[in-house]
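Let's take a walk through a protein model together, one step at a time. Keep the picture open beside you as you read.

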Amino acid sequence: MGPEPRARGGGSRCVQRARTAPRAAINAAAVLIPDRPTLAGLRERAANCTACPLYRKATQTVFGEGPARASVMFVGEVPGDLEDKAGRPFVGPAGRLLDRCMEEAGIDRGKAYVTNVVKHFKWERAGKRRLHKRPNAGEIQACKPWLEAELTVVQPTALVCLGATAAQALLGRDFRVSRTRGRFVPSNLAPHVLATVHPSALLRTRDDREAEIARFINDLRKVAALRL
Ligand code: URA
């Protein structure tokens with residue numbers, strides 16, 4: 001059972017701050033946010049974001065995508081190689097798995113808003129490949145004004161954090177997906193907030209991957225059951 005639903009549009013949206021955040025970086029993205037943000041306006045401004053050094057090695061900003069008033073928002077970590085090239089979130093292997101699981105859970109991706117905590121691909125070269133690297137606290141903090149603005153515009157009724165980076169960026173550094181996975185948690189970010197594993201983690205699972213995928217689908221079914 002989730003927490004009491006909160007009235008849509010009410011209250012301030014307080015996103016947790018990483019303790020190591022460099023001040024200059026916070027302001028660098030925050031000054032780009034329009035006074036009356038729309039998704040189109042945010043996307044346009046985010047395309048020029050240089051709030052952290054990741055833009056230098058990335059092809060482009062990968063902004064969130066989906067309807068402006070989507071009732072469900074999914075937040076991942078950082079775009080991968082294919083997302084960087086396509087300019088769209090979750091279109092690579094993890095995205096295909098997410099699509100499959102959403103469909104099996106009864107969630108229409110076309111009606112959901114899908115985004116990431118960090119909007120530029122972070123990578124290092126390994127031969128011909130560009131290997132994904134996890135964003136650090138400064139990069140997460142620098143990018144946070146974009147995620148906050150997306151939340152302000154979309155005002156989702158249900159928010160799904162995919163993996164520890166999203167969960168800790170939005171719910172606090174002490175949040176542990178391993179402990180609280182698949183349960184609705186109280187938050188002022190949305191009436192229903194749930195964290196689960198990241199689909200990339202499922203792709204890395206060697207033992208009983210299908211059972212882990214089934215658990216993930218089961219987590220998503222709890223969101224589908226809200227019938228938003
Ligand atoms: N992993 C993420 O966290 N986001 C994407 O967009 C793709 C893979």
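What you see is a predicted model, where local features need pLDDT of at least 70, side-chain atom pairs count only at pLDDT 80 or more, and totals for chains, interfaces and linings use all residues. Residues are numbered from 1 along each chain as its sequence is written.

Look for an open sheet of 5 strands in the order β2-β1-β5-β7-β6, with mixed pairing. At its edges stand β2 (113-116) and β6 (184-185), each with a single partner strand, so one side of each is left without a neighbour in the sheet. Strands (E, at least two residues) and helices (H or I, at least four) are DSSP runs, numbered from the N terminus, and two strands pair if DSSP finds at least two bridges between them. In general, strands of a sheet pair through backbone hydrogen bonds, either parallel or antiparallel.

Now follow the pairs. Strand β1 (residues 72-76) pairs with β2 in the parallel sense over 4 bridges, and here G76 stands opposite N116. β1 also pairs with β5 in the parallel sense, again over 4 bridges, with V75 and C161 as bridge partners.

How well covered is β5? Of its 5 residues, 5 are buried, so β5 is largely enclosed by the rest of the structure. Buried means that 20 or more other C-beta atoms, placed from the backbone, lie within 10 Å of a residue's own. In a regular strand the side chains alternate between the two faces of the sheet. In β5, A158, V160 and L162 are buried on one side, and L159 and C161 on the other.

Helix α9 (residues 209-224) lies across β1, β5 (158-162) and β7 (192-196), and runs at about 175 degrees to β7. Such angles run from 0 to 180 degrees between N-to-C directions, with axes fitted to C-alpha atoms, for helices over the stretch in contact.

In the loop between α2 (39-46) and β1 sits S71. S71 is buried, with 21 other C-beta atoms within 10 Å. Its C-alpha atom is separated by 4.5 Å from that of P156, 85 residues apart along the chain. Leaving aside neighbours within four places in sequence, S71 is in contact (C-beta atoms, placed from the backbone, within 7 Å) with P156, T157, A158 and L228.

Finally, find the ligand. Of the 13 residues around it (C-beta atom, placed from the backbone, within 6 Å), G76, E77, G80, P89 and A94 come nearest.

Terms used. Contact = placed C-beta atoms within 7 Å. Buried ≥ 20, exposed ≤ 12 C-beta atoms within 10 Å, placed from the backbone.
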